[in-house]
Amino acid sequence: MQTVQRRTLPLRLPRVRPGGLLPILAILAVLVVLVGIRQPDFLSPPSLMSFLGRSAPIILLAAGQYFVIVSGEFDLSVGSLVTAQVVVAARLIDGDPARTWPVVLLLLAFGAFVGLVNGLITTRLRVPSFITTLGMFLILVGAVYLWSDGAPKGGLSEEFRRFGRRAFEDVPLLGRVPYALLVLLALAVVAVLLMRSDFGRTLVAVGDNPRTAELSGVRVWRTRTIAFILSGLAAAFAAILLGGYSGVSFQAGAGLEFGAITAVVLGGVALGGGRGSVVGAMLGALTLELLFALMNFYGVSGALRSTVQGAIILLAVAVSATRSSSR
Amino acid sequence: MSALSLLPARRPVPGVFVALTLTLAIGWLVVLLDGGQLFNQSTTVSLLHVAAGLGLVAVGQTLVILGGSLDLSVAYVISLSTLVAAETMNGSDGALLPAVGLALAVSAGIGLLNGLLVTKLRVNAFIATLGVGLLLKGYLDNGYDGPAGTTSPTLVQSLGYQRIGPVPVSFLLLVAVTAAAWFALSKTRFGHHLVAVGGDPEVARLSGVRNDRILVTAHVLCSMCAGLAGIYLASRLGSGAPRVGTEGLYDLESIAAVVIGGTALAGGRGGVIGTVGGVLLLASIDAIFNQLEVDAFFKQVIRGAIIIAAVAVYARRAMRKAAA
Amino acid sequence: MAVLAAVTLLSLTACATDEPAASPSGSAPAGSGTGEQSKFFVQADYDAELALLTATPTGPADKPWEQVLNPKMVDTAKFKKKGPHKICFSNAALNNPWRQVGFKTMQAEVEAQKSRIKEFVHVDAEGKDQKQIADINDLLGKSCDALIVSPNTTATLTPAVEAACQAGLPVVVFDRGVNTKCPVTFINPIGGYGFGHVGAEFVSQKMKPGGKVLALRILPGVDVLETRWSAAKMAFDKAKVDVVGVEFTDGDPAKTKKIVDDYIQRYGTIDGVWMDAGAVAVAAVEAFQDAGKPVPPMNGEDQLDFLKIWKDKNLTAIAPTYPTYQWRTPVIAALRILDGEQVSNPWKLPQPTVTQDNLDRYLDASMPPLHYAMCGCTDLPGYPQRWK
Amino acid sequence: MSDPPPTPLLTLRGIGKSFLGVRVLDGVDLDVAPGEVHAVVGENGAGKSTLMKIVSGGYAPDGGTVEFAGEPRTFRGPRDAQRAGVGIIHQEFNLLPERTVAENVYLGHEPVRRGLVDRREMLERTRRLLDSIGETALPADARVGQLGVAQQQVVEIAKALALDARLLIMDEPTAALADHEVELLYGLVRRLQERGIGLLYVSHRLKEVFDLSSRITVLKDGRRVTTVDTADTSADELVRHMVGRELSSYYPDRAAPEDRGPVRLNLRDVGNRKLRDVNLQLRAGEVLGIGGLQGSGRSALARAIFGVSPFTTGDVTLDDRPVRLRSPRTAMRAGIAYVTEDRKGEGIVGRQSVLDNALLASRAVFAARSGRAARTVRVRELLAAVEVRGAGDDQEIRFLSGGNQQKVVLARWLALNPRILLFDEPTRGIDVGAKSAIHDLVRRLARDGAAVLMISSDLPELLGMSDRIVVMRDGHVAGELPAGATEEEVVALAVGTTREMAQ
């Protein structure tokens, strides 16, 4: 009964636009205040910088996931893709600095390729993306273990790790600026510009009403496939930063897909497509990371963390779902 | 897999059974050439045990997916249920029935929470059940650092290890639950309404179906199925295990079994018989690969490919049906 | 029914949300902050293991995998059988480097003994209890001469192992145990108490008195890891050090770095780090480096990446081990049992510690970073290629 | 028929309803007697749908009283209203394509024996129900997805009757029907009347209203303008009540012979799964009307030209050059535009802004052609030119009225400077005012040299707008009529002399 009521409403009144940034900014502000009360040092530029730097990979993943979700699909394979990328990078570089750049390029190509396969299976074979990417998740994890006999081999070069680990030191005002943060900012600008471009607007249209888009000359399958490729590329960037930050391990990407999807939803993006902004998605990821840091500062027991996380997600999404006018 | 598409597009025999028969036939042959025996007693028993655990969860999952929803919290419900059951029993047969009742009640309560979040608060099922799963994870991680409680010996002997010929009692339980679910779907108003809600919620609502109530019921039943799987696992393991659900990847595997069984992820089409076929297919692949001592990681690759391929075949058929 | 469900639900959500407020570890980290001792802690076992640390093993000195601490021999004549044999192995999982290195070592041992073993069947349970139960049941139908089990979980695998014993074939359990006396022998190194104690004692001695210790754990519920932590807890409580946090890292280096980073933020300085497994040791070291802080006394494990950074950065560190050479022993034990030779039950293996003094002996830069130094595999066929 | 019977089935008094402070209904009175067909007419947004939803339990009114069968009632939901005996047939079908006819008919109140759904009884009852409304050919166990539109309509009606509805609300029941199917509906409505069922009939099509109803209530801006006996009024008068405008100024002038240009699109023996051997020429400057029954291939023709489901046989030439129209993109590049009949499902992107909707096609196909800024300026001009009212460019399009949405869709296509425009039911579900604006626009486009192909089920519109009319039947061209043809001629061609019917 409520649905009909909502659907036919001739809404003209100014109100919080569904998918707007206000709710996520409010949550973020509350968390910043809570952190500030408990740990004022955290808000000093150097530590804030390093926090932003270390959060860069998950923010990038959220942006990548956003492209896929706003086009009406899912990408559950990003976590395993990150793991695969890190393990592949370690084995190929094997500590040799000279191989850094070729491997970086290879990783980007690999990410794009996995996205392409996800996209083509989803759009051309009409397999729901939940299933496609779930299958891809199993395939990637299995393949990378198989390829490396169950234990990561080789090692990352310092040159490779620099992106995720090092920073410009002694920057006035800010102290140190991690490379990862710069990479994040650059890619965030690209993402925002992309969403304002013709492609971005078309992507949202495809997520909202693929039939209309198709009949307006949009190649829906192509647009969605590109979204998957963007997600794969984002995963590649995230893998480069994450591998740099923490080194090689099979745990590198574990669970990141759910983290990214949660972040995107927290940022006001509707599952099912057609609503929300990429900035919201990235802020959602930042909020989630800040939440984890907050729990560290408040000494919330490690085991209870997922409870707090689950409660906050449910609360945020339930509140926005009951407030928003469309479903 | 290609043989699937040759099947006439009739509803009663889901294509998954063709795939299952082929898999078993080919598997039997390959194992035989390898010098083994696929259908000996112990392998069959093991296969059916694996199928029973996953099957109970997947049948419940079928209900929510048919209704257009999804449950990602089942893995945690299973773990919780093993603990509730084993701790209540505490090794004595006297507490058997209360323990089973309590485990099911707790599961039903979680299903109710899932259902209310999805219907009343209109939270997307993916997020709602993921969130509830996280709540439970926290509770389990915080409260338990390992197996706890002891399952009643009677339950271990009966549900856990008793079998009739090569068929374990637990598999018979799965058969019974599947039959009940099939019966509910085709013979009760709840079943008809559930499929309608999954097919088109607006149509169902305007036809006087109480969508929310139906979907909440489906979620409760799904969680109870997961709870039942938990009780079975407790009987198998002899105690409650806080991580048995997540270790077994029951959340994603059950969804995979459902879609391999021909139920549409969007809801409104499919059924539990196909799901059991999907479960048996996954369990057979497990058994065959076990016999051949194929690397577990390779098996995972194959699994991923099969899930995608199966759904692609269904999608092709649906496309052809729409075109015809 | 609905009422009952609602009540359950209420109570469930209530306890899920109330606990953080009630927990003393919340806002005021008082005293040592290690909390209550876990139910895994068994005083007698603890005392026994600590005693074993100083015991002298019997057996060939250059082959620690054949040595036994405090042997208690059992008769195995009834299992005597003519070879070559078919040996079956139900493995809990192959999902981490420790198990990978160990399994390769075991395979190499089988190859070394190939004149006596005609077939070696390996089934991987992929970390799933219920699959391992099914696997064991399955193996019983394959006319194995001996069964080796590395249980995924102690309590839950007990019934399956008992069933295997009843089938009449010799069962050898290693790594994690089972709650039954029926296997012919149970092989493992001294154990978790020893590991945890060695690390914690080192850290609390090397750091300044009353300093702040951060305990990093992989995940709760694994008995080996739980015993390590409970022994460490004893040591820290005795030394009256301030354990400011006990955090689970899931073995994820990124998560580890974030946690350590936040603790450095929160407390300004951390004076010691203890961890229940070495997987994330390097990440913890890097977190200090990246924050521009000196790396405090800490423990790791015998993984080469840690040994390397230890040497390169000249850390104050120690590496208690849980040697992967124990994967050789079950094969040796099974063959001895099938020969009717006496074996010790339990078969306690020595558990060497890597210290500053013997670091160079174990550090082999040519091996992969996640290789375990204590593999005892240098004399096995295929070394070093098989482990690379 | 002129006096309302003493005991009305339904009595509404002073019904009011607001949404977020916007008054949608205000003091509406209405009553329906058993066996009466009471029509409700009014422009879009006049409050008809809201009123129907109040009667059928979809909304609760803010003020006023609902009396049903002599008792004051407050329906707490559709189910409650159904129980009381109020059935509703919506504009869009409410059927589950994956389920059988019987399952659909009895959805929500399946016959039960000993607690279980009695499938046999359900089929039997459905069969009887279908027999009673003269639909003996429709199998009760067929999957609804396989049925044609008209048959689905029958299922909808059977569904309402299965509830023993005493009052049946029909909201634009003919919107999806072709003319001969409308005849069937007439028959059905009369049989329902004979059974003493009261009908509330909402329609844009005045012909039906006059054919069927005994009384007519006109709504405007949420208020009841008048209720008249059908016998005492005329179409002109009704339209005046609805819009305050005469019917005569309805259609713009046709093209003069000298305005007709050369053949722009030439189809020779084209066909696909739904079409065979179609020969057709479309000239620049003309409006070619396409008539025919639903399913006769009218929409299939437009969709084939636009490359949605392309021709598989025959030749197409555009300006004398052979072309292959494989996809919407190739068609658009060739200068073809297509306004679909299903605006909500295929025409708009609901949650995007008016501007984004208008830019959709240019962005997709000609992204690189012109500068973005220039393009946006041009689209803004177009939006102003088509007179989209009451909305800023940033407004989400789903909040606009149907007419305004259609204008935005038009602007989207005009931005491409199309040389051929295909309109499929361009004014369906659009209020009278917006309708004539769109008619003017279509004519203006033709006058400026575009070739226009217009499909319409609305015969007056087809006759009033077209310079030529091609009537289709069974997937091929049944015949061509000049401007000034009569409705009877069109219908005769559409149905065929032997009255064989297309499914």
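Author: Gladly, starting with F39(B), which counts as partly exposed because its relative accessibility is 43%. Buried means under 20% relative accessible area, exposed over 50% and partly exposed in between, with a 1.4 Å probe and protein chains only. This is a predicted model, where local features need pLDDT of at least 70, side-chain atom pairs count only at pLDDT 80 or more, and totals for chains, interfaces and linings use all residues. Residues are numbered from 1 along each chain as its sequence is written, chains are lettered from A and ligands numbered from 1 in the order in which they are written, and side-chain values use heavy atoms, with hydrogens and water left out.

Reader: Where in chain B does F39(B) lie?

Author: Helices here are DSSP runs (H or I, at least four residues), as are strands (E, at least two), numbered from the N terminus. By that count, F39(B) sits in the loop between α1 (15–33) and α2 (41–66) of chain B.

Reader: How many disulfides does a search of the whole structure find?

Author: A disulfide is a covalent bond between the sulfur atoms of two cysteines. The criterion used is a pair of cysteine sulfur atoms within 2.5 Å. Over all chains, the search finds 3.

Reader: What is the handedness of the disulfide of C88(C) and C144(C)?

Author: Their sulfur atoms are 1.9 Å apart. The pair links distant parts of the chain, 56 residues apart, with C88(C) in strand β2 (residues 85–91) and C144(C) in the loop between α4 (129–140) and β4 (146–150) of chain C. Both cysteines are buried. The torsion about the S-S bond is about -90 degrees, so the disulfide is left-handed.

Reader: What is the torsion about the S-S bond of C375(C) and C377(C)?

Author: The sulfurs of C375(C) and C377(C) are 1.9 Å apart, and both residues are buried. The disulfide is left-handed, with a torsion of about -60 degrees.

Reader: Why is the sulfur of C222(B) too far for a bond to C225(B)?

Author: C222(B) is buried, with a relative accessible area of 0%, and C225(B) is buried at 10%. C225(B) is in no disulfide. The sulfur of C222(B) is too far for a bond because its distance to the closest cysteine sulfur, in C225(B), is 6.7 Å.
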